Amino acid sequence: MAEECVPEDLDLKGMGEEELWELINDNRHRISLGVRPCILIPYLRQARVLSEMDEDEILSCHNLTNRCMRTHMLDLLRTQGKNGGMALLESLMIHYPALYTQVTGRKPSTEPSRFSGLIKYSELTEYLVRAVTGMQKELQEARNEASKLRAHCASLEALKDEKCDLYIRYTAAIEEKSVYQLQTELQNAQAENEFQRQRSLKSVCPESPQLQDEVRSLRCQLAKAEKLDPARQDILAQDLAEAIDSQVELAEQLRSYREENEQLLRDKKKLLDQNESLSLQVQQLTLDCKMHQQKSAVIQNQMKALQAERDQAYQSRDEAQAMIAHVLAEKDTLRCQLVELQEKSLSRSSVPPFLMRSRPKAIRVSGRVLSISFQGEALLSQLAVVGGNKTGVFVHQVTEGSAAHTVGISPGAQIVELQVKYEKNQKALRMVLEDSTLEEAMWALGQVAGICHLSLRPRQDYEALLQQLQSSETSSGDSFYVRVNMSLPAGPGGTLAVSCNDILHVTNTRPAGTEDSWHASHVHPCQQLDLQSGTVPNYYAQRLLIRAIEDMSFEAKKSEKQKTVRIVSTGRQGRNPLWVSVEEEKSASAESDATSAPKSCVTLMPYTLVTPRYPPVCRPVLLLPSVLGRILDKKLASWQGFQLCEPVLSSSEHAAQLQRSEILEEVEQGGSRCYTLQSVEKVMKKGIHCVLPLGLDCVRRLQRSEIFPIIIFIGQSARSARKLSKLHRHSQTEEQLLACSRSEEPLLDKLPCLYHSVDPESWCDQTSLLTSLRTIIWEEQKKIVWVEPDLW
């Protein structure tokens, strides 16, 4: 995909150092996230671009718990120049071929001719063999581990099936037993009812024909007895009385039988009611059994959810413990580094760590430059200077009778250049003062301790500067803007309170009545106007920055409510950046100094120089972290005045017309596609915001083309990630969103521009978040864009 957008004849070995590192820095975000330094270090050590101390600093001190620290390896390799960059790309070609292709656009190859020669062919072959053997061993171990996991999963599946069968049999047995008992009781009740019914039918009813016949025969006999003789009548009467008594007795028996029959009917009805009740109970038990099964399934799901939450809680606890350990380790490392820096703490007589030389040049006036050589012992006692980087540095007063006065130096001359020769180390130093600040010029003049050469030029601006100084319209000729990298409280004597990432306008680097201070003002965010002013510590505030880093606590780092320190460092080449050139005479002492001096060192920067930019009406919009940005980009693009940046097909014919600098990012969406500068400019020409579905790597490429995007980072916490789960039901998980946020947030401080951070507790749902984003974009569009040199 990537190689179709890059010319085939791209030769990495033929690229210059700056061009090579520009290619790497364009992909710094991708390398920082996708590379494990412990894999690359063996090759980098064998290529002799990293030392044992560097390896220990990368692996042991930081423990690789923070992905931001992986960029420290790139900073160390940057000090090795082109060899460091070539060794990094060759290690990516061996261990991360896909990433190598994304960075360089070339296919990886292990042919010896494709390597830079930092390692001999025999050593390279041996290393490749070891690398292949190690990869095969890792592959075999991964396969064994996968086999073990598959076996374990199979055993768990079998155990689960066995438990499910057992539970089903148990439930069926309970149901069968309950139904059998109810059927048995019902059959017994029916049998007893049938027995009582048959028994009642066998009983003699009062209205039976037999009884009626007997009564009728008795009546006939009684009628005949009335016609018989008295003796016969007495016998018949006696028989009749006995028959009546017998009839009464039968009637009583019939009455008792009737009562028993009614009782049997009541018992039958009762049994029928019991049977119906038992049937209802059977139905209720069946429903209860089904509900029990459903409750069991719900309980099992809840148990799984609880186990998942417990695992997540354990993972969060482990991450918190790892973060605590990392912060403690980082704090110990910083303390060691700070102790070393404090041992080398700056004094007024030592070389001050000047700002990088990218301030606006002083106004140049063509004219004759006069070079004067004289004895400059205690030069600052011979003359006084005024001015600064905006107006130039001028001679203001000359002590009468001094060597400077004798050679004809007079007030009003601009000091363009100073040359000093140190007899001790046989070095000739040439320092350009044409655009230096007043502080830098006075330090340079204070280093003169013998013969010196001054280059002077008459300037008409001197009179205008004197009038401004006398009218208190200005206090010096200094004027430059800085970005503050630490928070400082207000202090006595008009000390200005500043916060991290504030923009200050410095107007005097040597204010009267103060020591080691600058006079500066806050700058209006939307207009280049000075607001509240006061004094701030000068570049010696590096000591305060060291103390602020020492005082950083875990609670402050964990909350991140307001950033108090921005750690920015830059490499210095062991000499004052004010010196344009250093001519060394060949001597034993010079050679010994050159061999013993370190190649480079790291300087913490309490301030960073910035320059104002005024972009067009509608700036592009970049939402971070990138995982959440891909979700919100389409919703943002649906608003009026916004449009999503579309990728273009990078066919082989089109790829030949594209330059590498025009490509912002390459994607794979059903073919080879890429985002280009032309895609962004096409949307901007419509007068609307271009929504960038890209990562951090695109920012530097856009700024090199004078395109300054609005960067909005939406801070994440466990609570906010849970709220966002409704936005990405079928996308990334909460854990992936938090991991992406933690990995990209440290990289924001390395951007050469400001960004806006959204507090995770400042919104409650998708609607309020999108409303907040619209307000932020409207406010950021009105602000000045302050850009600093790319120090990374």
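Figure 1. Pro625 sits in the loop between β15 (621-624) and α17. This is a predicted model. The peptide bond that joins Leu624 and Pro625 is cis. Its omega is about 0°. Most peptide bonds are trans. Helix α17 covers residues 626-637.

Figure 2. Is Asp633 buried or exposed? Asp633 counts as buried because its relative accessibility is 2%, and the cut-off for buried is under 20%. Asp633 belongs to helix α17. Which residues does Asp633 contact, leaving aside its neighbours within four places in sequence? They are Leu623, Leu644, Val691, Leu692 and Pro693.

**Figure 3. Arg78 and its bridge to Glu17.** A salt bridge joins the side chains of Arg78 and Glu17. The N to O distance is 3.1 Å. Arg78 lies in helix α5 (residues 70-78) and Glu17 in helix α1 (residues 17-26), so this pair ties together parts that are 61 residues apart in sequence. Arg78 has 25% relative accessibility and counts as partly exposed. Glu17 is also partly exposed, at 34%.

**Figure 4. Arg78 and its bridge to Glu18.** The side chain of Arg78 also meets that of Glu18 in a salt bridge. Here the N to O distance is 3.3 Å. Glu18 lies in helix α1 and Arg78 in helix α5, so the pair links parts 60 residues apart in sequence. Glu18 is exposed, with a relative accessible area of 55%.

Figure 5. The side chains of Glu788 and Arg566 form a salt bridge. The N to O distance is 2.7 Å. Where do the two partners lie? Glu788 is in the segment after β23 (785-787), and Arg566 is in the loop between α15 (554-559) and β11 (569-572), so the pair ties together parts that are 222 residues apart in sequence. Glu788 counts as buried, at 4% relative accessibility. Arg566 is buried too, with a relative accessible area of 0%.

Figure 6. Ile567 is found in the loop between α15 and β11. Ile567 counts as partly exposed, at 37% relative accessibility. How far apart are Ile567 and Asp749 in sequence and in space? They are 182 residues apart in sequence. In space they are 8.0 Å apart, C-alpha to C-alpha.

**Figure 7. A network of salt bridges.** Four residues are linked here: Glu22, Asp26, Arg701 and Arg704. How many salt bridges are counted? The count comes to 15.

Figure 8. Helix α3 covers residues 37-46. Which of its residues are buried? They are Pro37, Leu40, Ile41, Tyr43, Leu44 and Gln46. An α-helix has 3.6 residues a turn, so residues three or four places apart point the same way. Just after α3 comes Arg48, with a positive phi of about 60°. Arg48 lies in the loop between α3 and α4 (52-61). Arg48 is exposed, with a relative accessible area of 61%.

**Figure 9. Ala378 and its positive phi.** Ala378 is a residue other than glycine, and its phi is near 50°. Most residues other than glycine have a negative phi. Where is Ala378? Its place is in the loop between β1 (370-375) and β2 (383-388). Ala378 is partly exposed, with a relative accessible area of 43%.

Figure 10. Asp245 lies in helix α10 (residues 230-343). Asp245 is exposed, with a relative accessible area of 51%. The other patch is nonpolar. Ile299, Met303 and Leu306 make up this patch of about 300 Å². Leu306 lies in helix α10.

**Figure 11. The whole protein, for orientation.** The protein has 23 helices and 23 strands. Of its 792 residues, 40% are buried. Among contacts with a separation of 6 or more, 73% join residues 24 or more positions apart. The accessible surface comes to about 44600 Å². Carbon and sulfur atoms account for 53% of that surface.

Terms used. Residues numbered from 1 in each chain as written. Predicted model: local features only at pLDDT ≥ 70, side-chain atom pairs only at ≥ 80, totals over all residues. Heavy atoms only, no water. Helix = DSSP H or I, 4+ residues; strand = E, 2+ residues; numbered from the N terminus. Buried < 20%, exposed > 50% of the residue type's maximum accessible area, 1.4 Å probe, protein only. Contact = heavy atoms within 4.5 Å. Areas by Shrake-Rupley, 256 points an atom, 1.4 Å probe, with all protein chains shown as cover. Patch = residues over 30% accessible without salt bridge, like charges linked within 9 Å, V, L, I, M, F, W, Y side chains within 5 Å.
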